[in-house]
Amino acid sequence: MAGVDALRAAMIEAAEKQLATSTDNDIATRAVCEAVGVTQPVLYRLFGDKRGLLDAVADHGYERYAALKAAQEQTTDPVADLRAGWDGHMAFARENPALYQLMFTPRPWSRSTARDRVFELLEETLVRCAAIGALRVDPPVAARLILSASVGTALDHIVSPELFDDPALSHRMRQAVFAHVLTEATAREDADPLREAALRLRAQLDLAGADALEPVETALLRRWLDRITQPGEGSVR
């Protein structure tokens, strides 16, 4: 089993190296096999086909991404951590352009979970933001907005650097999106105190639980909080 795992890892590494030097963001399975010293049937047995190998490369890219996130020091200020996380995301894209495109460019046939797991990492930080009252929308909504903005900005820079070469663009986009999802220190005219309190309590419940409540009571409380935090029909929040 260890030998199979080592061979699988070697083929993923060979494919990633080839992808990094490719001019068309593609790989040749024959070249990958030759680099590792195996025949193509071995690749098919381990990955199914080239699509399966590319999915494995994308998922391995997530593991590298997650390791970088884990190495990032978590402070007592989740908003500061969120800003640092955006910058770290952009740095990963700059340093691994081909791998980043494989991870984040939609591929209808892909079964990779890389993008979904990056979303989950982001949502974890946003729950911490909500727990201190720093979030004005539900964490999953904020995560979708932030990930869409960061991925779009990064891909634009990779694919069309001549159009998106402004070094300040990333932070301008970050400022624009964060202004929508984060609360401000001063009260806003459109603030909804009940909804924001419910968001905060929901996040605290996710982080710490509620030992004083029975499971059925906790589930009911979550249902109530979810109903309070969901924007009403036609709302622009």
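The model is predicted, so local features need pLDDT of at least 70 and side-chain atom pairs count only at pLDDT 80 or more, while totals for chains, interfaces and linings use all residues. Residues are numbered from 1 along each chain as its sequence is written, and side-chain values use heavy atoms, with hydrogens and water left out.

The protein has 11 helices and zero strands. Helices (H or I, at least four residues) and strands (E, at least two) are DSSP runs, numbered from the N terminus. Along the sequence the pattern reads α-α-α-α-α-α-α-α-α-α-α. The C-alpha atoms fill a box of roughly 65 × 50 × 35 Å along the principal axes. Of the 237 residues, 40% count as buried. Buried means under 20% relative accessible area, exposed over 50%, and partly exposed in between, with a 1.4 Å probe and protein chains only. The accessible surface comes to about 13,600 Å². Carbon and sulfur atoms hold 54% of that surface. Areas come from the Shrake-Rupley method with a 1.4 Å probe; for residues, only the protein chains shown count as cover. Among contacts (heavy atoms within 4.5 Å) with a separation of 6 or more, 71% join residues 24 or more positions apart.

Helix H7 covers residues 114–131. Its 18 residues should span 26 Å at 1.5 Å a residue. The expected span is 1.5 Å times one less than the number of residues. The end C-alpha atoms of H7 are 26 Å apart, in agreement. Buried residues of H7 include Val118, Phe119, Leu122, Leu126 and Arg128. The buried residues of H7 pack against H4 (50–71), H5 (78–95), H6 (97–104), H8 (139–159) and H10 (193–208).

H4 and H6 pack at an angle of about 110°, with axes 9 Å apart. Axes are lines fitted to C-alpha atoms, for helices over the stretch in contact, and angles run from 0 to 180 degrees between N-to-C directions. H4 is therefore roughly perpendicular to H6, a class that takes in angles of 65 to 115 degrees. H4 contributes Leu54, Val57, Ala58, Gly61, Tyr62, Arg64 and Tyr65 to the contact. H6 contributes Leu99, Leu102 and Met103. By class, the contact has eight nonpolar, one polar and one charged residues. Ala, Val, Leu, Ile, Met, Phe, Trp, Tyr, Cys and Pro count as nonpolar, Asp, Glu, Lys and Arg as charged, and the others, Gly among them, as polar.

Thr29 lies in helix H2 (residues 29–36). Thr29 is buried, with a relative accessible area of 13%.

Key: Angles under 35 degrees count as roughly parallel, over 145 as roughly antiparallel, 65 to 115 as roughly perpendicular and the rest as oblique.
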